[in-house]
Amino acid sequence: MVAKLNMQQREEALAGLDGWDWDVKRDAIARAFTFRDFSEAFAFMTRVAIAAEKADHHPEWSNVYNRVYILLTTHEAGGLTQRDIALAKTIDTFAAALAQRDGGL
């Protein structure tokens with residue numbers, strides 16, 4: 001089992017993530033992404049889904065047209081873990097690649 005981050009670890013991890021907010025009630029991190037259209041949002045979700053499957057760590061998320069909302073927490077640990085931070089960094093890499101390719105999100 002992966003260990004839940006303590007307060008200091010969580011604060012250090014969040015300092016290295018732009019745009020992610022800590023959800024105190026769920027001990028999770030969340031971020032909203034906005035894309036040019038549905039196809040771009042779906043392409044992003046597909047890339048995230050493949051990475052999540054490889055990591056065996058799956059986000060809670062929703063999609064409405066060009067918006068994707070992602071929440072990350074590790075249920076088996078009862079809160080935020082290093083697995084969530086690693087997946088958030090991967091997700092940010094995908095979003096940045098789309099932004100660079102398309103001239104910004």
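Student: In which sense do S2 and S4 pair, and over how many bridges?

Tutor: This is a predicted model, and in the model S2 and S4 pair in the antiparallel sense over 6 bridges. To read a pairing, look for residues that stand opposite each other. Here phenylalanine 33 stands opposite valine 68 in S4.

Student: Which strand pairs with strand S1?

Tutor: Strand S1, residues 21-23, pairs with strand S2, residues 28-34. The sense is antiparallel, and the pairing runs over 3 bridges. Aspartate 23 stands opposite alanine 28 in S2. S1 and S2 form a hairpin with 4 residues between the strands, and in that hairpin aspartate 27 has a positive phi near 50°.

Student: Is aspartate 27 buried or exposed?

Tutor: Buried means under 20% relative accessible area. Aspartate 27 has 11% relative accessibility, so aspartate 27 counts as buried.

Student: How many salt bridges does the whole structure hold?

Tutor: A search finds 4 salt bridges. The idea is a side-chain nitrogen of Lys or Arg within 4 Å of a carboxyl oxygen of Asp or Glu. One of them joins lysine 4 to aspartate 27, with the closest N and O atoms 3.4 Å apart. This pair links distant parts of the chain, 23 residues apart: lysine 4 is in the segment before H1, and aspartate 27 is in the loop between S1 and S2. Lysine 4 counts as partly exposed because its relative accessibility is 43%.

Student: Which residue forms a salt bridge with arginine 26?

Tutor: Glutamate 60 does, and the closest N and O atoms are 2.7 Å apart. For the accessibility of the two partners, read each value by itself. Glutamate 60 is at 27% and counts as partly exposed. Arginine 26 is at 38% and also counts as partly exposed.

Student: Where in the chain are arginine 31 and aspartate 92?

Tutor: Start with the contact itself: the side chains of arginine 31 and aspartate 92 meet in a salt bridge, 2.6 Å from N to O. Arginine 31 is in strand S2 and aspartate 92 is in helix H3, so to read this pair you follow the chain across 61 residues, which links distant parts. Aspartate 92 has a relative accessible area of 17%, so aspartate 92 is buried.

Student: What is the nearest side chain of opposite charge to arginine 10, and how far away is it?

Tutor: It is aspartate 27, 4.4 Å away. A salt bridge needs the nitrogen within 4 Å of the oxygen. Arginine 10 is buried yet has no salt bridge. Arginine 10 lies in helix H1, residues 7-15. Leaving out residues up to four places away in sequence, arginine 10 touches Leu5, Trp22, Asp27 and Leu80.

Student: Is threonine 74 buried or exposed?

Tutor: Threonine 74 has a relative accessible area of 2%, so threonine 74 is buried. Threonine 74 is found in the loop between S4 and helix H3, residues 82-102. For a residue like this, list what surrounds the side chain. Apart from neighbours within four places in sequence, threonine 74 is in contact with Val2, His57, Gly79, Thr81, Arg83 and Asp84.

Student: What does arginine 67 touch?

Tutor: Not counting residues up to four places away in sequence, arginine 67 touches Phe33, Thr34 and Ser62. Arginine 67 lies in strand S4 and counts as partly exposed because its relative accessibility is 43%. Arginine 67 and alanine 32 are 35 residues apart along the chain, and their C-alpha atoms are separated by 7.0 Å.

Student: How far apart in space are tryptophan 61 and phenylalanine 35?

Tutor: They are 15 Å apart, C-alpha to C-alpha, and 26 residues apart in sequence. Tryptophan 61 is found in strand S3. Tryptophan 61 has a relative accessible area of 30%, so it is partly exposed. Its contacts, leaving aside neighbours within four places in sequence, are Met45, Val48, Ala49, Tyr69 and Ile70.

Student: Which residues make the nonpolar surface patch?

Tutor: Phe38, Phe42, Val64 and Tyr65 make the patch, which is about 420 Å². Tyrosine 65 is in the loop between strand S3, residues 60-64, and strand S4, residues 67-72.

How values were computed: Residues numbered from 1 in each chain as written. Predicted model: local features only at pLDDT ≥ 70, side-chain atom pairs only at ≥ 80, totals over all residues. Heavy atoms only, no water. Patch = residues over 30% accessible without salt bridge, like charges linked within 9 Å, V, L, I, M, F, W, Y side chains within 5 Å. Areas by Shrake-Rupley, 256 points an atom, 1.4 Å probe, with all protein chains shown as cover. Helix = DSSP H or I, 4+ residues; strand = E, 2+ residues; numbered from the N terminus. Buried < 20%, exposed > 50% of the residue type's maximum accessible area, 1.4 Å probe, protein only. Lys, Arg positive; Asp, Glu negative; His and termini not counted. Contact = heavy atoms within 4.5 Å. Pairing = 2+ DSSP bridges.
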